[in-house]
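I opened my notebook to keep a friendly record of what I looked up, entry by entry. Follow along with the model on your own screen.

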Amino acid sequence: MPLAPNATLVLASSSRSRQALLDRLQLPYQCQSPDIDETPLPHETPEALVHRLSLSKAHAVAEFFPAHCIIGSDQIALFEGEVLGKPHTAERACANLKRFSGQRVSFLTGLALVDTRQQRHQVHIETFDVVFRTLRDAEIERYVALEQPLDSAGSFRMEGLGITLFERLEGRDPNALIGLPLIALCDMLRQAGMDPLGTA
């Protein structure tokens, strides 16, 4: 099991989806949930927002781990210029998906790696687009009832039945839709000397 109390890699998240993704790299790690205010700043661009929040999450945890590499991640959905957060209610999730029917929704995922061993950090922003197929109201309501995607930006869960809503996916790393861009993370870990395929 990758979760290990003495690991030098820390995931600043309590998300089971992000943990499941990080498990794939087969590196021992531990989790610590960050406590930060995620409210956007006045006139903050979407890119600046996910950059700031992913780094803030890692820094919030860093004080407890002075000799570790801490992963922070944050995601937003963009539709017609509007930043969409978590729907929190079934009604709002259904309303979002009705708006998305036949349309393109863009996702920005901020990824930060703070190395408290060397007082360095890296930040990357991964973009990914989803094109929804034309959805019937009954499909939307059944999907939301079955999966309850109330805490997911975009009102769907890519790792579950969300895949049934799409016409196509456009981007480098579909893992970004689940909340942790693994291709970019692997590059960051290699730069920090924690190559998942390394022999050291």
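**Entry 1: cysteines**

I began with Cys 31 and asked which cysteine sulfur is closest to its own. The closest one belongs to Cys 69, and at 15 Å it is too far away for a bond. My rule was that a disulfide is a pair of cysteine sulfur atoms within 2.5 Å. By this rule I counted zero disulfides.

I call a residue buried under 20% relative accessible area, exposed over 50%, and partly exposed in between, using a 1.4 Å probe and protein chains only. Cys 31 is partly exposed at 28%, whereas Cys 94 is buried at 13%.

**Entry 2: ground rules**

I noted that this is a predicted model, where local features need pLDDT of at least 70 and side-chain atom pairs count only at pLDDT 80 or more, while totals for chains, interfaces and linings use all residues. Residues are numbered from 1 along each chain as its sequence is written, and side-chain values use heavy atoms, with hydrogens and water left out.

**Entry 3: Phe 132**

Is Phe 132 buried or exposed? Its relative accessibility is 1%, so I wrote down buried. I found Phe 132 in strand 6, which covers residues 120–132.

Next I listed its contacts, meaning heavy atoms within 4.5 Å. Leaving out residues up to four places away in sequence, Phe 132 touches residues including Leu 97, Phe 100, Val 105, Phe 156, Leu 165 and Phe 166. I also checked Phe 132 against Thr 89: they are 43 residues apart in sequence and 21 Å apart in space, C-alpha to C-alpha.

**Entry 4: salt bridges**

How many salt bridges does the structure hold? I got 14, where each is a side-chain nitrogen of Lys or Arg within 4 Å of a carboxyl oxygen of Asp or Glu.

I looked at Glu 82 and Arg 99, whose closest N and O atoms are 3.1 Å apart. This pair links distant parts of the chain, with Glu 82 in strand 4 (residues 82–84) and Arg 99 in helix 3 (residues 90–100), 17 residues apart. Both ends are partly exposed: Glu 82 has a relative accessible area of 36%, and Arg 99 comes to 33%.

Then I turned to Glu 170 and Arg 104, with their closest N and O atoms 2.4 Å apart. Here, too, distant parts of the chain are linked: Glu 170 is in strand 7 (residues 166–171) and Arg 104 in strand 5 (residues 104–115), 66 residues apart. Glu 170 is partly exposed at 29%, and Arg 104 is partly exposed at 36%. I saw that Arg 104 and Glu 170 belong to a network of salt bridges with Asp 129, Glu 167 and Arg 168.

**Entry 5: helix 3 against helix 4**

I checked how helix 3 and helix 4 (residues 137–147) pack, and found an angle of about 140 degrees with the axes 10 Å apart. The contact involves Ala 90, Ala 93, Cys 94, Leu 97 and Lys 98 of helix 3, and Asp 137, Ile 140, Glu 141, Tyr 143 and Val 144 of helix 4.

**Entry 6: helix 6**

Which residues of helix 6 (residues 182–191) are buried? I wrote down Leu 182, Ala 184, Leu 185, Cys 186, Met 188 and Leu 189. The buried residues of helix 6 pack against strand 1 (9–11), helix 1 (16–23), strand 3 (69–79), strand 5, strand 6 and helix 5 (175–178). After helix 6 comes Gly 193, with a positive phi near 80 degrees.

**Entry 7: positive phi**

His 88 is not a glycine, yet its phi is positive, about 70 degrees. I found His 88 in the loop between strand 4 and helix 3, and it is exposed at 55%.

Gln 119 is another residue other than glycine with a positive phi, near 55 degrees. Gln 119 sits in the loop between strand 5 and strand 6, and at 66% relative accessibility Gln 119 counts as exposed.

Definitions and conventions
Helix = DSSP H or I, 4+ residues; strand = E, 2+ residues; numbered from the N terminus. Axes fitted to C-alpha atoms, helices over the stretch in contact; angles between N-to-C directions.
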